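Please consult the sequence and the structure shown here alongside the text.

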Amino acid sequence: MKRTMSRSFISLILAAAFLLGLGLLCLRYVKDGDMWANQTYNQHLAFGKGLSGAGKIYDRNGTILAQSVDSQRYYNEDYYTRLATLHTVGDGSYNIATAVQTARRAQLVGHNGIFGYGLPESLRPKGDVSLTLDADVCAEVYEEFAGKKGACMVYNYKTGEVLCMVSTPSYDPQNVPEEIPEGAYLNNAVSSTYSPGSIYKIITTIALMESGADIENMTFTCEGERDFGGDTVTCLEEHGEMDIYQAFAWSCNIAFAEAATTAGAENMQRVSESLGVTKSYLVGSVRTAQGHFDLSDANDNDLAWSGVGQYTNMVSPAYMAILCGAVANSGEARLPHYVQGERSGTTRLMSEETAEKMQDIMRYTVSDYYGDTMFGGLTVGAKTGTAEVGEGKEPNAWMVGYSTDAEYPLAFAVVVEEGGYGFYSAGPIARTAMIGCAQSLGFEG
Amino acid sequence: MTQFMVDVAVVGLRILLAVYALIIIYQCFASMRRQKRQEAPLVMLYNSTIRKKIPVLCWENLIGRGKGCDIVIEDPTVSRSHCVLLRRKEGWFINDIGSKSGTRVNGRPVHGRHRVTIDDEIKIGSTTLTLRRGEEYDGEMRHHWFFSRVSSKPSVSAPALIFLTNLFHLFMAVEICISYEKFVLEAFEILGAVVLFSWVFYLFSAGVFRRSNFELETLAVLLVGAGSILLVSQDIMDAWIQIIAAMIGAAGYLIMLKFIENPDRIVNWRMAIMIISLVFLGINLAFGRMEFGAANRIYIGGVSVQPSEIVKVAYIFVGASALDHLQTKRNFLEFVVFSALCVGALALMGDFGTALIFFMSFIMISIIRSGDYKTSVLALAGAAFAVVIILKFKPYIAQRFAVWGHALEDPYNAGYQQSGVLTYIASGGLFGVGVGNGILRYYGASETDLVFGIITEEIGLIIALAFAVVLCGLVVYSRAIGTRSRSTFYSISASCAASMMLVQASLNIFGCTDILPLTGVTLPFISAGGSSMLSSFGLLAFIKAADERTYNRSKRLPQR
Ligand SMILES: [Zn+2]
């Protein structure tokens, strides 16, 4: 009997293991419960049942972007504001991943670990959410797109707060159309990648610096076209002889094809990766679409074109804003977020020295080429891009950059699909967005 | 304002339900701990060689030189395991189990079970033990920790416990009335059936069969009732099947208690039980139809039966034995062969969850019987090898393993059930969304495999965990009560039956919550299914039988 009983101790081990398992379940419940509840298929959150009693969504100025009254969900009264904030506020569906009505529906509806969704609507503590966006600026920017597809993002590279994030095409969440425009569920600023074209010259320049070249004393010569690796690279103009500042400001393809060749494939690949082109970054709780830069199958001509951003290069607008923010912030990137109260991490993309040199070059482009009036007197460094996408389409227009004014530490990225020439198409949107966001921070200009 | 008051009342009821479940379960276990057990020695052995009084505490005692013996005799002429002193209805027996020097009673060598009476002299090796009355022992007695709060009266009487449980079920039925007006009648019909069941069960147990105590049964009724009422708005037929199965199960429970009253009778039935079980499994293999990836059920006149559930009870029968039979090699060998056949048949059916339950029970029983960890490790290694083979040839099973731990990454295909459970567990919170308001109930096979999720979603995590803890508590109780069982048959079978239920509960609870791979087994007493209900009650009978008093009250009339 004694032997049997002492051996049956194994049943107590089993019982202990069982209790440990229950403990693990409880731990996971506490840690991941909100995430479990906030799944798109959760019928407790389905339309009507879910948002009819959900909390309000505000912008940074306290403007109500969405609220529930008498079991109905109402969005902002202004049509353009509704369309401009669709990808950050969301609609009744779960189709827009970056929208807070998707990503934070559990919080909005009043989910908590104690009652789950078990509380009747009248007793539910409603979770309000405040965004860091300025809805008026977003609406202005949306109008500026004038029906073109694309994205615009402006964020404070010191705090990480996104002030403007607009993606087009969009639709009205108050009166959801029967036919959703193609691609409207995607927040292009974060979830889409585009061919970068000339804006990739920022990365090529840094690769050239990191390869050890003395860029201050380098000169480039452009005769309109040149042979690289047995094929030609063409430029829009015959720029003649120039230094790196002029080459960057004039966006000379020959100069940057030469820069990429001088830096070499290894440096181009390494610096692209260390700068995070191929990484995915957190914007709030969503991840940016990974960019693309891969020279593993590239010949010398491909390498040359990659320096101009016209090989297989791909980047997302959010990444470009993060990169520009890092240039302006001495090489350290503060990751963006668009819900107040969230905290963003930082990551160093380049050395302080590199960042300062890059600032000089990007600043020269605006101060000596575009002129400071373009941004209403803000101290802006920028780069435009015109990315050929082939197939008889107009090129994608880009403008990316930052302001270094201490009170308006803003980085931006604008892309307009089939916008044509970058400066003329993306420029006005960047101007509206930057001046609007700076005004939101107290700028008078 | 009135709506607000109604809402407050609804939430209040849910919180009350959780608190109330905790009270009932606490009272049941507290009452079990207070039970007065026979603590005085049954008889005493007087070792006249060294003038030592040895209390005999158990009905079956191994005597020998070995340290693990119940009565250790430090005498080099005594074998390590020398003989067994056991008590039966007829009195005390001594049984030599193959010692070198033999056993003599009053000078005469004995073989097989030999009756001994007070003042008989038992000679083993060069030691003489005299059988004396238990009352003559004057040494200190130790209490088992579980029963450290012994009191003459249970903290709550059995009828009061049943009444408390009835109230719990009433609250659940009221919740249905709040959420679904059209189910009011059904809810109260099922509630009525549950109440009737609990009282008839009690009357038969205490009145007709004169069994003492009703806490174990109350816990079973609590779980059965909760499971049935959860089924009301899901499938009223299933709810009725659940109650009827519980009634048949309870009847079987009482009959089984009677059947295993004599631990020696079981030996004669052992071979028959083995053969019948294998025939059952054979029929299943021959006629079972593939459903949900396993062919583990047959249809008899339109009624679905899972033979493997009934074989679970038989398996414990075959595994456990009285102490003197336990020592024979043949007994163990039969058990090993029987285990291999059972596990093999279940694997052929594709019912890997149940195969795993049998296998875990095999490991457990063989360790308790032989203390041989090496064999068990070897068996585990063999099983791991078998699992690899299975995964190779059954892609359906492999898919379940692939999604294990990552269910939420694939919530629409392979991880559909588990992610549903997690989402709706989190939606239910600690107090649930109310009986009938859940979403998980609309998932396929949710009333069996995902029932833990349904409980959590509808009546809350607190109650779900409390129900799980009940099954865990049965294991602890089985071991505590087993120290004074009338035979090793009871202590082994109780521990193993409780463990079997717990293994099954683990596979169910942790399977659907993505902590273990989902194997699709039932949660004892709660999951919908008649066969599962019958086997749950069958296993519970082993635990009840391990309590020495179960068979006492019929002779010594009520002691208050
Ligand atoms: Zn040029």
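In chain B, among contacts (heavy atoms within 4.5 Å) with a separation of 6 or more, 69% join residues 24 or more positions apart. The model is predicted: local features need pLDDT of at least 70, side-chain atom pairs count only at pLDDT 80 or more, and totals for chains, interfaces and linings use all residues. Residues are numbered from 1 along each chain as its sequence is written, chains are lettered from A and ligands numbered from 1 in the order in which they are written, and side-chain values use heavy atoms, with hydrogens and water left out.

**Chain B as a whole**

Chain B contains 17 helices and 13 strands; these are DSSP runs numbered from the N terminus, with helices being H or I of at least four residues and strands E of at least two. Taken along the principal axes, its C-alpha atoms fill a box of roughly 85 × 55 × 40 Å. Of the 560 residues of chain B, 58% count as buried, a term that means under 20% relative accessible area, with exposed over 50% and partly exposed in between (1.4 Å probe, protein chains only). The 51 positive charges (Lys and Arg) and 40 negative charges (Asp and Glu) exclude His and the chain ends. Their mean positions in chain B lie 10 Å apart, each charge being placed at NZ of Lys, CZ of Arg, CG of Asp or CD of Glu.

**Cysteines**

Over all chains the structure holds 0 disulfides, a disulfide being a pair of cysteine sulfur atoms within 2.5 Å.

| Cysteine | Nearest cysteine sulfur | Distance |
|---|---|---|
| A:Cys152 | A:Cys164 | 4.1 Å |
| B:Cys69 | B:Cys83 | 9.0 Å |

A:Cys152 is buried, because its relative accessible area is 0%. B:Cys69 also counts as buried, at 0% relative accessibility.

**Two residues in contact with the other chain**

A:Ser11 lies in helix α2 (residues 9-37) of chain A. This serine counts as buried because its relative accessibility is 0%. Apart from neighbours within four places in sequence, A:Ser11 is in contact with B:Met364, B:Val475, B:Arg479, B:Ser495 and B:Ser499.

B:Leu408 is found in the loop of chain B between α12 (395-403) and α13 (416-428). Not counting residues up to four places away in sequence, B:Leu408 touches A:Met35, A:Trp36, A:Gln39 and A:Tyr41, as well as B:Ser419, B:Leu422 and B:Thr423. B:Leu422 is 14 residues from B:Leu408 along the chain, and their C-alpha atoms are separated by 8.5 Å.
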